[in-house]
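Please read the following points alongside the structure. They begin with the chain as a whole and then turn to one of its elements.

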Amino acid sequence: MALMNGNSVDAVADHGGSLGRASALFPQAPLPWIDLSTGINPHSYPLFDLPATAFSRLPEPVRARELAAVAAAAYGAPSAANLVPAPGTQILLPRVASLVKPGRALVLGPTYAEHARACAIAGHTVAEVHDFDALFGADIAVVVNPNNPDGRVVSRRDLLELADKMRSKGGLLVVDEAFMDVGPQDERMDGDVDRGGLVVLRSFGKFFGLAGVRLGFAIAAEPLASRLDAELGPWAVAGPALEYGIKALGDEAWQKAMRNTLNEDAGRLDALFAGFGVEVLGGTSLFRFLRLPDAAGLFAALGQSGILIRNFNWDETALRIGLPGNEGEWRRLEKSLAAWAAKRASGTTEVRP
């Protein structure tokens, strides 16, 4: 994983979702690709007709305020004034990291690599730690909760203790809840931001399956929220994103039904892997995490079948896999896993891209 133990701000390319990279690795793979390398919901929120003004006019401030109110209710934030809508969470990362003066940034890892890069952009010295208690020595501490890629969950009680420590010394705890829509709701921190020392990040596109809409939120005490909002400036969120955010975040029935669907799909994926002797070790209902000695062989075998999953440069035994979106994709995955398992049983699994 890039950017640990230093201030380099080089671009991080260590992400899933790149079909260009997949095609370069596996040029002979059959098309279309099945992209299981991300944690984006394959069952996206239904598309609907937008008013022409969403495209032809600058976004009205009243709609941005309405989005903040709907999001505050959906996430359990104290009020709309605590919400900062943005064109995706990614753009918020260096701005949030700049809320405290340059110091020591510690990221609980391994996790999403862009947090380290954003802290480096903000002038912090960055290191990854694997022990939660080590975060108490940071000036800015970052926890992804549930974690990407292994689904680890840090308790709200422990995070509140860390936030209080950060507040007492003028530091900041950043909790990235990109996957908390499908995480344990008792552990979410959105309602605790007014106590200070804490910023929570929320992603819209993953759970709603609309990553291209580019919408995310920072949730913080009002002074910090106002500062972030001022830095983003007017019209930060595009008109179409406002409309989708307002409708989808307010659709509680869809959200409840989708959580059930995703739980069923995650269970189905676990059972599929178990049938071929592979144990799923963690994840969320949007992605599953596994380890096996020949992870590189499985990654390559699926890639050569036109199925992209996620591998990691920090652990050659680790893989993350998202959910197939339809029965055709489930069948292709099962067929490819069966072929890989048969080669493994015959001792011929040394396949590389």
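**Note on the predicted model**

1. In this predicted model, 74% of the contacts in the protein chain with a separation of 6 or more are made by residues 24 or more positions apart.

2. The protein chain contains 12 helices and 13 strands. Its radius of gyration is 21 Å, close to the 20 Å given by the globule rule for 353 residues, so the chain is as compact as a globular protein of that length. Along the principal axes, the C-alpha atoms fill a box of roughly 65 × 50 × 35 Å.

3. Of the 353 residues in the protein chain, 52% are buried. The accessible surface of the chain amounts to about 14,900 Å², and carbon and sulfur atoms account for 52% of that area.

4. Helix H11 spans residues 295-304 and is largely enclosed by the rest of the structure, because 8 of its 10 residues are buried. A residue counts as buried when its relative accessible area is under 20%. The buried residues of H11 are Ala295, Gly297, Leu298, Phe299, Ala300, Ala301, Leu302 and Gly303.

5. Gly306 follows H11 and has a positive phi, near 85°.

Methods. Residues are numbered from 1 along each chain as its sequence is written. This is a predicted model: local features need pLDDT of at least 70, side-chain atom pairs count only at pLDDT 80 or more; totals for chains, interfaces and linings use all residues. Side-chain values use heavy atoms; hydrogens and water are left out. Buried means under 20% relative accessible area, exposed over 50%, partly exposed in between (1.4 Å probe, protein chains only). Helices (H or I, at least four residues) and strands (E, at least two) are DSSP runs, numbered from the N terminus. The radius of gyration is taken over C-alpha atoms; the globule rule is 2.2 Å times the number of residues to the power 0.38. Contact means heavy atoms within 4.5 Å. Accessible areas come from the Shrake-Rupley method with a 1.4 Å probe; for residues, only the protein chains shown count as cover.
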